[in-house]
Amino acid sequence: MTVPPNFRDLVGHDLSAEERARLERVHELLVEAGPPPELPPSLADAPGRGEEPLAGLPRRRAGAVLSLAAAIAVVAFLGGYVTGFRHSSFDAKREVPMHGTSVAPRAQGVIKLGKQDSAGNWPMVVTVRGLPRLPERGYYELFVKRDGFFLRCGNFNVKAGTTTVDFSVPYTFERNDGWIVTRWRRGEQKPGPALLTT
Amino acid sequence: MSAAPTLRSGLPVALRLATIQVVAADPMTDGELIARVGEGDSGAFELLYGRYARPVFALALRRLGDRGRAEDAVQETFASVWRSARSYRQERGPGAPWLYAVARNAIVDRRRALGEPPVEPVEEAAQDPGPPERAESSWTAWRVHRALAGLPETERRLIELAYWGELSQSEIAEFLNIPLGTVKTRTRSALGRLADLLEGELS
């Protein structure tokens with residue numbers, strides 16, 4: 001559950017009583033409604049581009065083809081970027097692109113998964129950019145999402161520009177795992193709102 | 001789809017898939033857009049999709065609990081909009097409740113197709129959402145999410161960062177590289193605009 005902002009901090013103290021009440025009602029509605037979900041890539045554009053929308057469209061298949069093409073392009077692009085960058089020697093067995101949510105729409109990232117070591121740990125290199133720098137004692141947290149549960153992978157800070165972080169985690173990763181980056185919240189077991197997602 | 005522009009670093013600018021089209025500058029009401037869709041106007045259909053794709057997806061996700069099925073329900077909804085927009089009458093009421101009813105029916109149909117009982121009775125429109133709090137809550141979320149889609153992008157981002165990004169006003173100012181005073185002014189302006197949109201029942 002997201003912690004709502006303090007209404008008085010948001011609007012200040014120089015409003016008329018009537019206007020304050022009006023805005024406070026909106027504040028309550030925003031808190032009640034919660035965030036709208038991110039649209040999946042298959043729903044990014046209006047179906048059929050308005051010509052004969054959905055006529056004969058095999059529903060998710062068309063979107064899936066577009067999504068796959070987009071994903072391949074992004075993987076190729078980000079993969080090419082990351083290769084030859086700082087961790088050029090990292091032997092990635094799989095790369096997972098991440099994109100910013102509406103909270104941080106300009107954020108981007110890529111996760112490179114290495115080969116499981118003899119002790120059962122999986123090395124990974126996470127590259128992100130476009131996330132806001134957090135104040136002291138503020139951190140980001142990477143989670144892997146599986147079957148509705150979130151597994152914690154680790155915390156990190158960011159600097160201006162691109163940040164690359166190494167992790168090693170004991171989980172066995174699966175193809176249909178999802179990933180999110182959230183802001184770390186003291187004492188919270190569940191992740192907060194995602195800033196980056198797969 | 002055109003290729004994403006690139007930054008000097010080589011990374012693509014944020015994927016356009018991550019956000020929806022901003023339609024605040026478009027003066028047409030939802031009702032006018034639906035009427036145009038009824039005449040076969042594909043541009044109006046795209047504008048309507050930009051305004052409502054996220055609210056419909058949110059509603060479907062809430063009711064169906066599965067992203068894949070929710071995606072199908074969104075496609076069903078907009079297929080229905082395209083087919084039945086001709087039957088919409090502006091004089092009977094604003095567009096948002098009509099679209100809500102279309103979306104709800106599409107979601108109920110999807111549950112039926114899967115052999116699951118509908119969780120709520122099908123409604124004609126949302127003016128009378130019925131006793132269940134759940135219906136009221138869904139309608140509230142629908143209106144709020146639609147209103148958010150009507151904000152200019154600069155204001156919508158501020159609201160999302162403040163309410164769901166858990167950033168303070170100072171952190172937002174630093175993140176967006178704008179003065180703190182601007183953050184405060186725009187946030188208040190965004191709340192006022194949302195109040196206008198919500199009071200007007202999103203005509």
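Reader: How many of the 6 residues of strand S7 of chain A are buried?
Author: The model is a predicted one, and strand S7 of chain A covers residues 178-183. A residue counts as buried when 20 or more other C-beta atoms lie within 10 Å of its own. S7(A) is mostly covered, and the number of its 6 residues that are buried is 5.

Reader: How many bridges join strand S4 of chain A to S7(A), and how many join S7(A) to strand S8 of chain A?
Author: Strand S4 (residues 140-146) of chain A and S7(A) run antiparallel. S7(A) and strand S8 (residues 194-197) of chain A also run antiparallel. S4(A) is joined to S7(A) by 6 bridges, and S7(A) to S8(A) by 3 bridges.

Reader: Which strands of the open sheet of chain A stand at the edges?
Author: The sheet has 8 strands in the order S5-S4-S7-S8-S1-S2-S3-S6 (chain A), with antiparallel pairing. A strand at the edge has a single partner strand, so one side of it is left without a neighbour in the sheet. The twist from one strand to the next averages 25°. The edge strands are S5 (149-156) and S6 (162-169) of chain A.

Reader: What pattern of helices and strands does chain A follow along the sequence?
Author: Chain A has 3 helices and 8 strands. Of its 198 residues, 32% count as buried. Among the contacts in chain A with a separation of 6 or more, 51% are between residues 24 or more positions apart. Read along the sequence, the pattern is α-α-α-β-β-β-β-β-β-β-β.

Reader: Which element gives the largest share of the side of chain A that touches chain B?
Author: In this contact, 55 residues of chain A meet 57 residues of chain B. On the side of chain A, the elements that give two or more residues are helix H1 (7-11), helix H2 (17-33), helix H3 (60-82) and strand S1 (94-100). By class, that side has 30 nonpolar, 13 polar and 12 charged residues. The largest share, 8 residues, comes from H2(A).

Reader: Which residues of chain A does Glu174(B) touch?
Author: Glu174(B) lies in helix H7 of chain B. Because it has 17 C-beta neighbours inside 10 Å, Glu174(B) counts as partly exposed. Leaving aside residues up to four places away in sequence, Glu174(B) touches Pro132(A) and Arg133(A).

Reader: At what angle do helices H6 and H8 of chain B pack?
Author: H6(B) (residues 153-164) and H8(B) (residues 180-199) have their axes 9 Å apart. Thr154(B), Leu158(B) and Ala162(B) are among the residues of H6(B) in this contact, and those of H8(B) include Val183(B), Ala190(B) and Arg193(B). The packing angle is about 100°, which means that H6(B) is roughly perpendicular to H8(B). The residues of this contact divide into 5 nonpolar, 3 polar and 3 charged, and the angle asked for is about 100°.

Reader: How far apart in space are Pro152(B) and Arg193(B)?
Author: Pro152(B) is in the loop between helix H5 (133-149) and H6 of chain B. With 16 other C-beta atoms within 10 Å, Pro152(B) is partly exposed. Pro152(B) and Arg193(B) are 41 residues apart in sequence, while their C-alpha to C-alpha distance is 9.7 Å.

Reader: What distance separates the end C-alpha atoms of helix H3 of chain B?
Author: In H3(B) (residues 67-84), 13 of the 18 residues are buried. At 1.5 Å a residue, this helix should span 26 Å.

Notes: Residues numbered from 1 in each chain as written. Chains lettered and ligands numbered in written order. Predicted model: local features only at pLDDT ≥ 70, side-chain atom pairs only at ≥ 80, totals over all residues. Axes fitted to C-alpha atoms, helices over the stretch in contact; angles between N-to-C directions. Helix = DSSP H or I, 4+ residues; strand = E, 2+ residues; numbered from the N terminus. Parallel < 35°, antiparallel > 145°, perpendicular 65-115°, else oblique. Contact = placed C-beta atoms within 7 Å. Nonpolar A, V, L, I, M, F, W, Y, C, P; charged D, E, K, R; others polar. Expected span 1.5 Å × (residues − 1). Buried ≥ 20, exposed ≤ 12 C-beta atoms within 10 Å, placed from the backbone. Pairing = 2+ DSSP bridges.
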